[in-house]
Amino acid sequence: MVGPIRPQFVLFGSSVVQLSYSDEGWGAILTDIYARKADVLLRGYGAWTSRHALQVLDQVFPKDAAVQPSLVIVYFGGNDSMRSHPSAVSPQVPLPEYVENMRNIAIHLKSLSEKTRIIFLSTPPVNGAKIREIYSDAMAELRTNESCQQYSEACLELCREMDIKAIDLWTAIQKKDGWATACFTDGIHISAEGSKIVVKEIMKVLREANWEPSLHWKSLPIEFEQVSVREAEFREILDEKTILKLAEVNFQRQMKWE
């Protein structure tokens, strides 16, 4: 453990989470936004389903931990939704079981502390043609938009029932023109462009949530005193125009996620 202790944000899910620090992914963007404000912790496990998640909940989120997370963002559903196929092994979790698994994950997370907040991400769409091109015809038949939509809607309905904040990735991603090619690296995993959508949706939830304390980045204190870029040591090596430009770039980088 290193100090000072900051709020912990945990990203928990399958490969959409595991790869969120790669190629300007949404996890990396969140870490940048919350620099000196919160620790963003990655708990992503490629190829996992909600069934796998249940088996490790007590290890990833022990109830007796000295410090409990302030926020947990959960994504499972894409692998759960994969259809069975005679020529391939599918990790499919039947829809009723998926809903109960996600319910139990939510119950466990809610029990960690009164201040632990939860956001569920619903299953996004896929680009079947890209999956076929990169992987195989069999993979494209396993991972379909029809099944992704069913699991997305089931997740959102559960969140409404349990009063959990949810992000409808199925809808949000498809609002972008050319989403099928722009938002995915391989037809399944989220690209840098798709990650911008994910982050904007997360920031919208954090901005609008009536949580006390607020977890929006503008509401959290910065760790240690902010050193001005006009300090003497910078003046010795940088001219004033460069110093002001650095400050402007940093300000604009943060404010675009407001």
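The second largest cavity holds about 30 Å³ of space, where a cavity is a set of points on a 1 Å grid over the protein atoms alone at which a 1.4 Å probe fits but cannot get out, and lining residues have an atom within 4 Å of a point. Its volume is the space filled by probe spheres set on the points, which are joined across faces, edges and corners. This is a predicted model, in which local features need pLDDT of at least 70 and side-chain atom pairs count only at pLDDT 80 or more, while totals for chains, interfaces and linings use all residues. Residues are numbered from 1 along each chain as its sequence is written, and side-chain values use heavy atoms, with hydrogens and water left out.

By this rule there are two cavities of 30 Å³ or more.

| Cavity | Volume | Lining includes |
|---|---|---|
| Largest | about 40 Å³ | Ser 15, Val 16, Trp 26, His 189 |

The lining of the largest cavity divides into four nonpolar, four polar and no charged residues, whereas that of the second largest cavity has seven nonpolar, two polar and one charged.

Turning to the chain, twelve helices and five strands are present, taken as DSSP runs (helices H or I, at least four residues; strands E, at least two). Of the 258 residues, 45% are buried, that is, under 20% relative accessible area with a 1.4 Å probe, protein chains only. Among contacts (heavy atoms within 4.5 Å) with a separation of 6 or more, 76% join residues 24 or more positions apart.

How values were computed:
Buried means under 20% relative accessible area, exposed over 50%, partly exposed in between (1.4 Å probe, protein chains only). On a 1 Å grid over the protein atoms alone, a cavity is a set of points where a 1.4 Å probe fits but cannot get out, and a pocket is an open set with protein on both sides within 12 Å along at least five of seven lines; lining residues have an atom within 4 Å of a point. Ala, Val, Leu, Ile, Met, Phe, Trp, Tyr, Cys and Pro count as nonpolar, Asp, Glu, Lys and Arg as charged, and the others, Gly among them, as polar.
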